[in-house]
Amino acid sequence: MNMPWMKLLYLAFGLLFIPLRFQLCYGDLADDYSDDEPAPAPPPGQDNCNGVFLSYAFTSRSKEYPHVKNVTAQSWAFNSIATIVNAGTEEVKGWKMFVGFQHREILVSATNAIVVDGSGDFPVAVGNGTTIAGYPMSDLKTAIDTAGDYNQIAVQVQFTGTMFGMKEKAIPMPKTIKLANDGWKCPKPTKYPTSMHVCCKKNPKFKAKSPKGKYLPRQYGDLNFMYDVLKSYEGSYEAQVTMDNNNPLGRLDHWNLTWEWMRGEFIYSMRGAYTHEIDYSDCIYGLAGQFLKDFDFSQVMNCQKRPVIADLPADRANDSTIGKIPYCCRNGTLLPPLMDVSKSRSIFQLRVYKLPPDTPKTVLYPPQRWNITGLLNPQYKCGPPIRVDPTEFPDTTGLQATTSAIASWQIVCNITKPEKKKTKCCVSFSAYYNDSAIPCSTCACGCDNIDTDTCNPNGRAMFLPADALLVPFANRTAKAKAFAYLKHRPFPKKLPCPDNCGVSINWHLNSDYKTGWTARITLFNWGDAPFEDWFTAIDMKKAFPGYENVYSFNGTKLKSIKNTIFFQGLPGLNYLVAQTNGTKPGEPRIPGKQQSVISFTKKQTPGIKVRHGDGFPTKVFFNGEECALPDDFPRSSAGHSSRASVMATISISILTFLLMTDTDSRH
């Protein structure tokens with residue numbers, strides 16, 4: 001068969017090009033990667049994606065100091081690239097990408113993005129995966145609307161960081177990648193040895209609110225911030241920050257708000273709030289001093305990249321210079337709407353100066369990495385600022401008109417469940433049918449400030465007589481020893497560490513009869529600061545329908561949170577005082593205390609097993625913070641009587657006295 005010479009030439013060229021193209025696209029997978037290996041080409045699959053295309057490519061890693069023999073302890077510096085491309089027909093506003101890091105990674109930098117999970121600046125630990133959001137470009141336009149302008153439809157994020165625990169030639173890849181925006185579905189990514197990619201598409205079942213204006217609709221969160229630019233000048237602007245507490249169990253006391261300026265901005269002045277550090281030295285020695293050489297910095301409030309902002313005290317509310325702002329000056333208290341709607345909002349204003357090239361009036365960027373904390377309150381996790389339609393305000397002159405902000409951003413924060421041994425309050429259980437009280441768990445609120453050489457941080461909390469819960473932990477040893485002796489229980493040489501909580505709550509099962517039952521709840525304040533307008537809430541899973549009444553508190557069944565009963569102090573009794581000294585020198589300190597009996601009926605809960613766990617709460621909250629529960633509840637024992645409990649109490653008191661006398665005689 002004769003073949004024209006031109007076809008032979010094409011065939012030869014094709015045979016040479018195919019393996020070369022394969023190697024260029026995918027690299028030689030048989031070879032070990034090296035530090036100078038070029039970044040991989042755009043992954044296959046992007047051309048066939050009608051949605052949002054995400055890819056992740058590992059580029060290099062190198063061993064860091066110190067060099068150790070233990071593989072799991074050896075640290076490595078790594079570099080990788082994440083790419084997100086809008087290959088669909090719908091603009092993606094406020095894009096967010098989840099990267100499932102899994103090798104104890106610590107990110108040191110990420111270009112064109114911020115870490116949503118991090119409450120501060122780099123470095124940030126991301127070993128359990130992290131979500132990044134676009135900055136400064138948060139929206140991805142479509143190729144249709146931009147004539148295929150890649151700079152407007154795609155973003156590339158370059159990661160630099162440290163990871164641990166892999167052999168020298170192993171390739172550290174994340175578990176998965178996906179688009180984290182609501183309403184998008186992502187299949188499992190296609191994986192290669194050094195890269196992975198996925199095409200995410202709109203979920204047809206997701207019903208999103210149609211935006212009325214140009215920007216995303218406002219979202220609901222447990223705590224919402226609005227950052228509204230009210231006036232814009234050449235080189236500066238005036239903004240208003242509004243925070244709204246929407247969660248019925250959300251609360252803040254003495255709040256401290258932090259954020260991060262990303263472009264060299266600084267706070268010139270504030271109304272309704274102040275920064276903890278009033279200092280302009282960072283401006284003089286920083287970029288501001290270089291760009292604004294003739295500027296008078298002596299009146300500047302704060303030049304920190306991460307300022308700490310606090311509410312003004314109540315006596316500054318009418319101060320003509322720094323006060324006279326509605327919803328300000330409550331000493332950092334933000335209550336749930338259920339308690340007081342007028343105290344569920346806080347507002348302050350600030351004047352911000354910008355640096356070149358951001359001096360034009362139309363160039364506006366909000367601060368990033370918002371984080372807020374309270375004294376003994378829930379922990380909030382805040383997302384990035386999302387551009388929304390400008391906020392409208394009623395006209396200040398009294399006319400039937402509205403004024404609009406120049407630009408508005410919303411920051412949504414949600415309450416997170418506290419990690420084990422990192423909560424701020426704890427619960428103990430006791431019951432009329434068992435003379436052993438189950439105290440708060442060991443190190444329930446952490447043991448970071450305790451000398452664990454003198455106690456066991458992992459030891460199980462010892463059963464105690466109920467009256468031992470009334471004294472500080474340091475004064476319980478003699479009672480615990482006497483109780484263990486009486487009950488023939490072992491007494492460890494190294495006692496378990498204390499719970500270390502400033503607030504504890506005792507739930508005591510008071511009675512159980514044919515038609516109903518009662519419990520007693522007692523709040524203890526072991527700290528030096530009182531709690532005004534306190535509240536507590538309990539999740540009574542099976543007993544909730546039978547809730548009848550509370551006698552010394554105000555009680556409310558919450559409709560928005562399932563099976564939860566909300567308690568607060570009666571008028572004039574809403575103050576949980578601080579711990580005080582005993583009446584005589586040497587006596588134990590006395591905690592602040594509030595208590596009430598709660599009644600339940602069995603009519604609405606047939607078959608309820610009160611003494612087998614149904615009579616104990618499954619969740620307890622104090623001022624919004626979820627408290628640590630014990631590992632068990634008091635068990636019912638046959639033949640037990642209240643008389644035996646009284647005799648046990650008398651015996652323990654005598655034994656305690658003898659033990660304390662013996663200890664004193666030895667000294």
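Guide: What follows is a set of questions about the terms used for this predicted model.

Visitor: What makes up the protein, in helices and strands?

Guide: The protein has seven helices and 38 strands. Of its 667 residues, 46% are buried.

Visitor: Why is Arg-251 called buried?

Guide: Arg-251 has a relative accessible area of 1%. Buried means under 20%, so Arg-251 is buried.

Visitor: How do you know that Arg-251 forms a salt bridge with Asp-253?

Guide: The closest N and O atoms of Arg-251 and Asp-253 are 2.8 Å apart. The cut-off for a salt bridge is 4 Å, between a side-chain nitrogen of Lys or Arg and a carboxyl oxygen of Asp or Glu. The pair therefore counts as a salt bridge. Asp-253 is buried too, because its relative accessible area is 8%.

Visitor: What makes the contact of Lys-422 with Glu-419 a salt bridge?

Guide: Here the closest N and O atoms are 3.5 Å apart, and the limit is 4 Å, so the pair qualifies. Both Lys-422 and Glu-419 are exposed.

Visitor: Why is Arg-635 called partly exposed?

Guide: Its relative accessible area is 47%. Buried needs a value under 20% and exposed a value over 50%, so Arg-635 is partly exposed. Asp-632, at 22%, is also partly exposed for that reason. The side chains of Arg-635 and Asp-632 meet in a salt bridge, with 2.9 Å from N to O. Elsewhere, salt bridges that share partners join Glu-260, Lys-305, Arg-306 and Arg-369 into one network.

Visitor: Why do strand 27 and strand 32 count as edges of their sheet?

Guide: The sheet is open, with six strands in the order 27-26-28-29-36-32 and mixed pairing. Strand 27 and strand 32 each have a single partner strand, so one side of each is left without a neighbour in the sheet. From one strand to the next, the twist averages 20 degrees.

Visitor: How do you know that strand 26 and strand 28 pair?

Guide: Pairing requires at least two bridges. Strand 26 and strand 28 have seven, in the parallel sense, so they count as paired. Cys-426 stands opposite Ser-504 in strand 28.

Definitions and conventions. Residues are numbered from 1 along each chain as its sequence is written. This is a predicted model: local features need pLDDT of at least 70, side-chain atom pairs count only at pLDDT 80 or more; totals for chains, interfaces and linings use all residues. Side-chain values use heavy atoms; hydrogens and water are left out. Helices (H or I, at least four residues) and strands (E, at least two) are DSSP runs, numbered from the N terminus. Axes are lines fitted to C-alpha atoms, for helices over the stretch in contact, and angles run from 0 to 180 degrees between N-to-C directions. Buried means under 20% relative accessible area, exposed over 50%, partly exposed in between (1.4 Å probe, protein chains only).
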